[in-house]
Amino acid sequence: MNTSINANKLSLKGVTKSFFGPRTGTTTLAVAEMNLDIQTGEFICIVGPSGCGKSTVLNMIAGLDHPSSGRIEKDGQGITGPGADRGVMFQDYALMPWQTAEENVGFGLRHGTPGEHLSAKQRQERVAHFIDLVGLRGSEHKYPHQLSGGMRQRVALARLLANGPDILLLDEPLGALDAQTRLILQAELLRIWGETSPASERKTAIFITHDIEEAVLLADRVVVMSTHPGRIREVVTIDIPRPRAGIARTNPKFGLLVEHIWSLIRDEAYRAIGGGSSLEPASHETTH
Ligand SMILES: Nc1ncnc2c1ncn2[C@@H]1O[C@H](COP(=O)(O)OP(=O)(O)OP(=O)(O)O)[C@@H](O)[C@H]1O
Ligand SMILES: [Mg+2]
């Protein structure tokens, strides 16, 4: 008797995506035969060389695009289009410049399904809660151009969370930030995601990054993709205990995991930027 329970939040089953270019008349196989089960509350990072299909996968989970073949299921049901249950955040903030931070955060509540059953007061309270959560109190009446890059990304995160999705889809959300702001927001993201809460209370997160250290810091599992066509090369389990913010990098496993993941994508990453093979080092560092 099969007593197993399907506890997967998301399942990708043989997902393949090809794009037809009408001008060139050629077809690009962007993603091939991708299979992946993601549990509720898991934090998944996707890494891989430029062009390996990371954004394409995320867009299909968001319902903004559809697989050419295969199937994506959420809670056992096929995904047919976008929905408030899946919140998407991109690198470029996508804030509305004519609205204040507070108005941006409340946009989905005013105009979409997430706010339909809330009174104006409840919406306002919800916005204030998420403004507080991301540390923006005092800046809620500022416009995007009056905020730093890190603050704008906090607004985008608060807007995403205010809509109450159970899956967070994040496409290089910290990519445009300077190194220090990025470190701060990584720790903030872990706090907001709930790494100190029981796993059952966490949201499911899928986070694309080019930064392998960032992936190892954040993820329960890192999906390493290879390119032409985009496939899963390896799924690496990050067995570093939580909470990790501030301490994970001191764990001896951290560097080994970073090195292992880098070894999986190194040659393709060099090729993607036209740099040839990494096996021949360009120079030798010497210490005196
Ligand atoms: N709308 C589209 N039409 C045609 N080809 C596309 C389209 N979107 C993506 N592609 C192609 O599919 C492949 C995967 O693109 P995708 O944007 O998913 O890569 P990525 O891994 O997110 O890259 P990056 O790290 O640079 O963001 C690329 O070859 C890209 O040119
Ligand atoms: Mg991309």
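The structure holds 3 aromatic pairs. It is a predicted model, in which local features need pLDDT of at least 70, side-chain atom pairs count only at pLDDT 80 or more, and totals for chains, interfaces and linings use all residues. Residues are numbered from 1 along each chain as its sequence is written, and side-chain values use heavy atoms, with hydrogens and water left out.

**Exercise 1.** Classify the pair of Phe43 and Trp193 and locate its two residues.

*Solution.* Rings of Phe, Tyr and Trp (its six-membered ring) pair if their centres lie within 6.5 Å; planes under 30 degrees apart are stacked, over 60 edge-to-face, and the rest tilted. For Phe43 and Trp193 the centre-to-centre value is 5.1 Å and the planes are 80 degrees apart, giving an edge-to-face pair. Phe43 belongs to strand E3 (residues 43–47) and Trp193 to helix H6 (residues 179–193), 150 residues apart. Helices (H or I, at least four residues) and strands (E, at least two) are DSSP runs, numbered from the N terminus.

**Exercise 2.** Classify the pair of Phe43 and Phe207 and state which strands it ties together.

*Solution.* The ring centres of Phe43 and Phe207 are 5.9 Å apart with planes at 45 degrees, so this pair is tilted. Because Phe43 lies in strand E3 and Phe207 in strand E8 (residues 204–208), the pair ties together parts 164 residues apart in sequence.

**Exercise 3.** Are Phe43, Trp193 and Phe207 buried or exposed?

*Solution.* Buried means under 20% relative accessible area, exposed over 50%, and partly exposed in between (1.4 Å probe, protein chains only). Phe43 is buried at 1%, Trp193 is buried at 5%, and Phe207 is buried at 0%. Phe43, Trp193 and Phe207 form one aromatic cluster.

Definitions and conventions:
Chains lettered and ligands numbered in written order.
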